[in-house]
Amino acid sequence: MIGFLIWCAAILLPVLFRTGGYKRKPLDAPPGPDWVPTDERFVDPTSGETLAVWFHPKSGERAYVRTR
């Protein structure tokens, strides 16, 4: 029973306390010189804006930039 509770906590705690993810605010310009644009584009369902995805190869982080 204790093992099951630990397993459940290991699954639920990261979900409850996660940060980041898609819900970051979109940027108006690319984040910096080390960032690489991807071919990904999508429409943000909340704002209706088209966003481009930029990738930072060293950290693996993704940023969302408004397209004009």
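A strand here is a DSSP run of E, at least two residues long, and strands are numbered from the N terminus. Two strands count as paired if DSSP finds at least two bridges between them. With that said, the model I am showing is a predicted one.

I will start with a hairpin. Strands β2 and β3 form a hairpin with six residues between the strands, and in it Gly60 takes a positive phi near 80°. Five bridges join β2 to β3, and the two run antiparallel. As one example, Phe55 has Arg62 in β3 as its bridge partner.

Now the other hairpin. β1 and β2 also have six residues between them, and here Gly48 is the residue with a positive phi near 80°. β2 covers residues 50-55, and five bridges join β1 to this strand, again antiparallel. Among the partners, Arg41 is bridged to Ala52 in β2, and Pro37 is bridged to Trp54 in β2.

For background, strands of a sheet pair through backbone hydrogen bonds, and the pairing can be parallel or antiparallel.

Putting the strands together, we have an open sheet of three strands in the order β1-β2-β3, with antiparallel pairing. Which strands stand at the edges? They are β1, residues 36-43, and β3, residues 62-66. Each has a single partner strand, so one side of each is left without a neighbour in the sheet. From one strand to the next, the twist averages 30°.

To recap, follow the order β1-β2-β3 on the screen, and look for Gly48 in the hairpin of β1 and β2 and Gly60 in the hairpin of β2 and β3.

Key:
Residues numbered from 1 in each chain as written. Predicted model: local features only at pLDDT ≥ 70, side-chain atom pairs only at ≥ 80, totals over all residues. Heavy atoms only, no water. Helix = DSSP H or I, 4+ residues; strand = E, 2+ residues; numbered from the N terminus. Axes fitted to C-alpha atoms, helices over the stretch in contact; angles between N-to-C directions.
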